[in-house]
Amino acid sequence: MKQKFKNPWFVFALGVVISSCIFFLFPINLFDGEIVFQTAAKTWKVKANISLSYFIGIGAAKEQLVQLGVKDFYLLTKGYMFAVIVLVGLPGLWAYRVYLKNTRIEKN
């Protein structure tokens, strides 16, 4: 098992899976987004931190959203960038660290 953790691609894939599970299965409100509210009279947008789990239906039930008057919610550009950094960038850094460690060991 220890040999698998020396492979940077394995570390990257495992990191992506673990970070995706954390941010898609638990309602952690970190990502910048907008919530669109609609009533019979008007529609307005509110900037808020939203969770990636809301997009797969965890943490925000459809019935609750309708009762609150939520028409739609989505990530802003800053939220998308942060999601990419957290889901792909950090595992990439971990994999790069493993790669550098392996090349240092091979040189010695």
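This report looks at aromatic ring pairs and a charged surface patch in a predicted model.

**Rings that pair up**

To talk about a pair of aromatic rings, you give the distance of the centres and the angle of the planes. In this model the count comes to 6 aromatic pairs. One of them joins phenylalanine 37 and tryptophan 44, and that pair is stacked, with 5.7 Å centre to centre and 20° between the planes. Next, take phenylalanine 55 and phenylalanine 73: their ring centres are 5.3 Å apart and the planes sit at 50°, so this pair is tilted. Where do these two sit? Phenylalanine 55 is in the loop between β2 (43-50) and α2 (62-68), while phenylalanine 73 is in strand β3 (residues 70-75), so the pair ties together parts 18 residues apart in sequence. Ring pairs also link Phe23, Phe31 and Phe82 into a cluster.

| Residue | Relative accessible area | Class |
|---|---|---|
| Tryptophan 44 | 33% | partly exposed |
| Phenylalanine 55 | 38% | partly exposed |
| Phenylalanine 73 | 19% | buried |
| Arginine 97 | 58% | exposed |

Phenylalanine 73 has a value of 19%, and the buried class means under 20%, so that residue falls in it. For arginine 97, the value is 58%; exposed means over 50%, so the label follows.

**A positive patch**

Which residues form the positive surface patch? They're Lys6, Arg97, Lys101 and Arg104. Look for arginine 97 in helix α3 (residues 77-107).

Notes: Residues are numbered from 1 along each chain as its sequence is written. This is a predicted model: local features need pLDDT of at least 70, side-chain atom pairs count only at pLDDT 80 or more; totals for chains, interfaces and linings use all residues. Side-chain values use heavy atoms; hydrogens and water are left out. Patches are made of residues with over 30% relative accessible area and no salt bridge: like charges are joined within 9 Å, nonpolar side chains (Val, Leu, Ile, Met, Phe, Trp, Tyr) within 5 Å. Accessible areas come from the Shrake-Rupley method with a 1.4 Å probe; for residues, only the protein chains shown count as cover. A salt bridge is a side-chain nitrogen of Lys or Arg within 4 Å of a carboxyl oxygen of Asp or Glu. Lys and Arg count as positive and Asp and Glu as negative; His and the chain ends are not counted. The place of a charge is taken as NZ of Lys, CZ of Arg, CG of Asp or CD of Glu. Helices (H or I, at least four residues) and strands (E, at least two) are DSSP runs, numbered from the N terminus. Buried means under 20% relative accessible area, exposed over 50%, partly exposed in between (1.4 Å probe, protein chains only). Rings of Phe, Tyr and Trp (its six-membered ring) pair if their centres lie within 6.5 Å; planes under 30 degrees apart count as stacked, over 60 as edge-to-face and the rest as tilted.
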